[in-house]
Amino acid sequence: MSISEWLDKKEAEGVDVSQIALPDELSFDEAPDETVYFKVVKPCSFLCAGNHPFSTVERFGHWYYCRGQDKKAAIHTTEMQWRLFTKDRDLAVKTARSHIE
């Protein structure tokens with residue numbers, strides 16, 4: 001089952017999928033059809049392997065998966081992570097940009 005099919009099934013069951021966590025077997029088995037938006041804030045060296053604030057929008061079928069770490073989070077931390085599933089591309093990109101700019 002694809003991520004898009006799984007989300008459609010959950011939505012049909014009446015589940016609010018906007019903030020749902022994907023099962024591990026789905027999130028690791030499928031690559032996105034398209035990366036619509038990606039931005040990372042990395043003020044330290046490009047060789048730094050620490051965590052940095054980022055925003056991304058990936059398309060899986062007709063669903064957009066927005067996720068990232070808010071720019072307000074400190075560098076090299078895992079705090080302030082967020083996610084959103086939506087069928088609205090414009091909302092997805094607007095949300096991703098609002099978390100990183």
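This is a predicted model: local features need pLDDT of at least 70, side-chain atom pairs count only at pLDDT 80 or more; totals for chains, interfaces and linings use all residues.
1. E11 belongs to helix α1, whereas K87 sits in the loop between β4 and α3, so the contact ties together parts that are 76 residues apart in sequence. E11 is partly exposed, its relative accessible area being 36%. K87 also counts as partly exposed, at 41% relative accessibility.

2. The pair R89 and E34. Here the closest N and O atoms of the salt bridge are 3.8 Å apart. The pair links distant parts of the chain, with R89 in helix α3 and E34 in strand β1, 55 residues apart. R89 has a relative accessible area of 35% and is partly exposed; E34, at 29% relative accessibility, is likewise partly exposed.

3. A network around this pair. R89 and E34 are linked with D33 and R59 in a network of salt bridges.

4. R67 forms a salt bridge with E58, and the closest N and O atoms are 3.5 Å apart. R67 is partly exposed, with a relative accessible area of 28%. E58, by contrast, is buried: its relative accessible area is 12%, and the cut-off for buried is under 20%.

5. The sheet. Four strands form an open sheet in the order β1-β2-β3-β4, with antiparallel pairing. At its edges are β1 (34-40) and β4 (81-86), each of which pairs on one side only. From one strand to the next, the twist averages 10 degrees.

6. The pairing of β2 and β3. Strand β2 (residues 54-60) pairs with strand β3 (residues 63-69) in the antiparallel sense, over seven bridges. Within this pairing, Q69 in β3 is the bridge partner of F54.

7. The helices on the sheet. Helix α1 (residues 3-12) lies across β2, β3 and β4 and runs at about 100 degrees to β3. Helix α3 (residues 89-100) packs on the sheet, where it touches β1, β2, β3 and β4. The direction of α3 makes about 165 degrees with that of β2.

Terms used:
Residues are numbered from 1 along each chain as its sequence is written. Side-chain values use heavy atoms; hydrogens and water are left out. Two strands pair if DSSP finds at least two bridges between them. Helices (H or I, at least four residues) and strands (E, at least two) are DSSP runs, numbered from the N terminus. Axes are lines fitted to C-alpha atoms, for helices over the stretch in contact, and angles run from 0 to 180 degrees between N-to-C directions. Contact means heavy atoms within 4.5 Å. Buried means under 20% relative accessible area, exposed over 50%, partly exposed in between (1.4 Å probe, protein chains only). A salt bridge is a side-chain nitrogen of Lys or Arg within 4 Å of a carboxyl oxygen of Asp or Glu.
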